[in-house]
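These notebook entries record what I looked up in one structure.

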Amino acid sequence: MEYNMSFPREVDRVKKDRIPTVICGGTVEYHGPHCSYGCDTLIAEGLIKKLAEKKEIMIAPTIYYSPSSYAVADETSGTVHIEEDVFEAYLFQIFMNMLDAGLRNIYVVIHHQFEQENLMPMTLSYMKAAKRATMRYLEKTQGRGWWGSENYASYYENLGGGDDPFSWIKVIPTMSTEVQNSTGYDHAGKYECSILMSLYPDAVKLDRLDDIDHWFTKSAAEASTEIGDEMVRQSLDYLEKRIV
């Protein structure tokens, strides 16, 4: 089920049954001469589309332009970088609208710069916007002092559950630390190219690998769909358990 192709009847059922609404947080970023600019986004989208074959979710439109950063290459490389403050303000508006609409089980799934689940600028932008939007929504709908009111006397009992407002929007990686340690994780190298090849074979052109010499792309020569298939399998197992 896709949000942009849905009608009020479908969205009402998503809200009533708390069916997960999933947003892929993407980038347009240089990944060497052999790997498409949409690599990180395509990995997230490919996994979520496969997840939708296994369990019911509503896939919201992907957010593509983001704080990619110029860590890998400069502004002439084709990377599109959005400053973090600008991006966070944009996300805040999206999350506020989703909360106003009544969605209460939202997931953002990110592949970009999420090694060992470390918090990097793009991920932090999503997390900050989510918490700010939740706080603003609660103040708007329940007034200032909402947390201290008797209505929230059970706040600590509900932490982490569906009735915890700060669990309404969750930001998670495509691959948990455990999956990364099991399969491998890199940037445009053996592992990232393998998982991308498994999901979108046309997004990797290994015959172009020698066009430009980078230390971080050398291992891509060892990429294979067999490696990628296993990465996809483990990532899907993790996402199926995580997105509930």
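**Entry 1: a pair in a helix**

Why are Asp237 and Arg233 separated by about one helical turn? I found that the two residues lie four apart in helix H7 (residues 225–242), so about one helical turn separates them. Helices here are DSSP runs of H or I with at least four residues, strands are runs of E with at least two, and both are numbered from the N terminus.

I note for the record that this is a predicted model, in which local features need pLDDT of at least 70 and side-chain atom pairs count only at pLDDT 80 or more, while totals for chains, interfaces and linings use all residues. Residues are numbered from 1 along each chain as its sequence is written, and side-chain values use heavy atoms, with hydrogens and water left out.

**Entry 2: salt bridges**

Side chains of opposite charge can pair when their charged atoms come close. I counted as a salt bridge a side-chain nitrogen of Lys or Arg within 4 Å of a carboxyl oxygen of Asp or Glu. How many salt bridges does the structure hold? The structure holds twelve.

Asp237 and Arg233 form one of them, with their closest N and O atoms 3.1 Å apart. I then looked up accessibility, where buried means under 20% relative accessible area, exposed means over 50%, and partly exposed lies in between (1.4 Å probe, protein chains only). Asp237 is partly exposed at 26%, and Arg233 is partly exposed at 42%.

In helix H1 (residues 8–17), Asp12 and Lys15 are three residues apart, which means about one helical turn. They form a salt bridge whose closest N and O atoms are 3.6 Å apart. Asp12 is partly exposed at 42%, as is Lys15 at 29%.

Lys16 pairs with Asp17, the closest N and O atoms being 3.6 Å apart. Lys16 is exposed at 68%, whereas Asp17 is partly exposed at 42%. I also recorded a network of salt bridges that links Glu88, Lys128 and Arg132.

**Entry 3: cysteines**

A disulfide is a covalent bond between the sulfur atoms of two cysteines. My cut-off was a pair of cysteine sulfur atoms within 2.5 Å. The search of the whole structure found zero disulfides.

Cys193 is in no disulfide either, and its nearest cysteine sulfur, that of Cys35, is 4.1 Å away. Cys35 is buried at 7% relative accessibility, and Cys193 is buried at 0%.

**Entry 4: empty space**

Rolling a probe the size of a water molecule over the atoms shows where empty space is left. A cavity is a set of points, on a 1 Å grid over the protein atoms alone, where a 1.4 Å probe fits but cannot get out; lining residues have an atom within 4 Å of a point. I found one cavity of 30 Å³ or more in the whole structure. The largest cavity holds about 40 Å³ of space. Its lining includes Val14, Lys15, Arg18 and Ile106.

**Entry 5: a loop**

Is Gly160 buried or exposed? Gly160 is exposed, with a relative accessible area of 61%. Gly160 lies in the loop between helix H4 (121–142) and strand E4 (169–173). From C-alpha to C-alpha, Gly160 is 21 Å from Phe92, and the two are 68 residues apart in sequence.

Key: 1 Å grid on protein atoms, 1.4 Å probe; cavity = no way out; pocket = protein on both sides within 12 Å on 5 of 7 lines; lining within 4 Å. Points joined across faces, edges and corners; volume = space filled by probe spheres on them.
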